[in-house]
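Here is a short briefing on one chain. Please look at the sequence and the model first, then read on.

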Amino acid sequence: MIRWFIVIFLALVFISWFTPLLQKLGFGKLPGDLRFRLFGREWFLPVTTTILLSFVASAIAQFI
């Protein structure tokens, strides 16, 4: 179980490092990515970006 915590932690670190690069490429601004303000905070739900990146990761995994 500790391995899964490490994997999830590393995935979150990599995502936080690559977020500015992905935003420059247009990810996070796709139709279906939701931004809204609730309780004085801005919330962001990258639904379309998540599906697209999941598809790309799946395609790469198929070739490996």
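What radius of gyration does the chain have, and what would a compact globule of 64 residues have? The chain has 14 Å, whereas a compact globule of that length would be near 11 Å. The radius is taken over C-alpha atoms, and the globule rule is 2.2 Å times the number of residues to the power 0.38.

This is a predicted model: local features need pLDDT of at least 70, side-chain atom pairs count only at pLDDT 80 or more, and totals for chains, interfaces and linings use all residues. Residues are numbered from 1 along each chain as its sequence is written, and side-chain values use heavy atoms, with hydrogens and water left out.

**Fold and dimensions**

- The chain holds two helices and two strands, in the order α-β-β-α along the sequence.
- Helices (H or I, at least four residues) and strands (E, at least two) are DSSP runs, numbered from the N terminus.
- Along the principal axes, the C-alpha atoms fill a box of roughly 40 × 30 × 20 Å.

**Surface and contacts**

- Of the 64 residues, 5% count as buried (under 20% relative accessible area; exposed is over 50%, partly exposed in between; 1.4 Å probe, protein chains only).
- The accessible surface comes to about 6000 Å², and carbon and sulfur atoms contribute 75% of it.
- Accessible areas come from the Shrake-Rupley method with a 1.4 Å probe; for residues, only the protein chains shown count as cover.
- Among contacts (heavy atoms within 4.5 Å) with a separation of 6 or more, 10% join residues 24 or more positions apart.

- Rings of Phe, Tyr and Trp (its six-membered ring) pair if their centres lie within 6.5 Å; planes under 30 degrees apart count as stacked, over 60 as edge-to-face and the rest as tilted.
- The count is one aromatic pair.
- Phe14 and Trp17 form this edge-to-face pair, with centres 5.5 Å apart and planes at 75 degrees.
- Both residues lie in helix H1 (residues 2-24), three residues apart, about one turn of the helix.
- Phe14 is partly exposed at 42% relative accessibility, while Trp17 is exposed at 59%.

**Charges over rings**

- A charge sits over a ring if NZ of Lys or CZ of Arg is within 6 Å of the ring centre and within 35 degrees of the ring normal.
- Arg35 places its charged end over the ring of Phe44, 4.3 Å from the centre.
- Arg41 has its charged end over the ring of Trp43, 5.2 Å from the centre.

**A buried threonine**

- Thr49 lies in helix H2 (residues 47-63) and is buried, with 7% relative accessible area.
- Beyond its neighbours within four places in sequence, Thr49 contacts Phe27, Gly28, Leu30 and Asp33.
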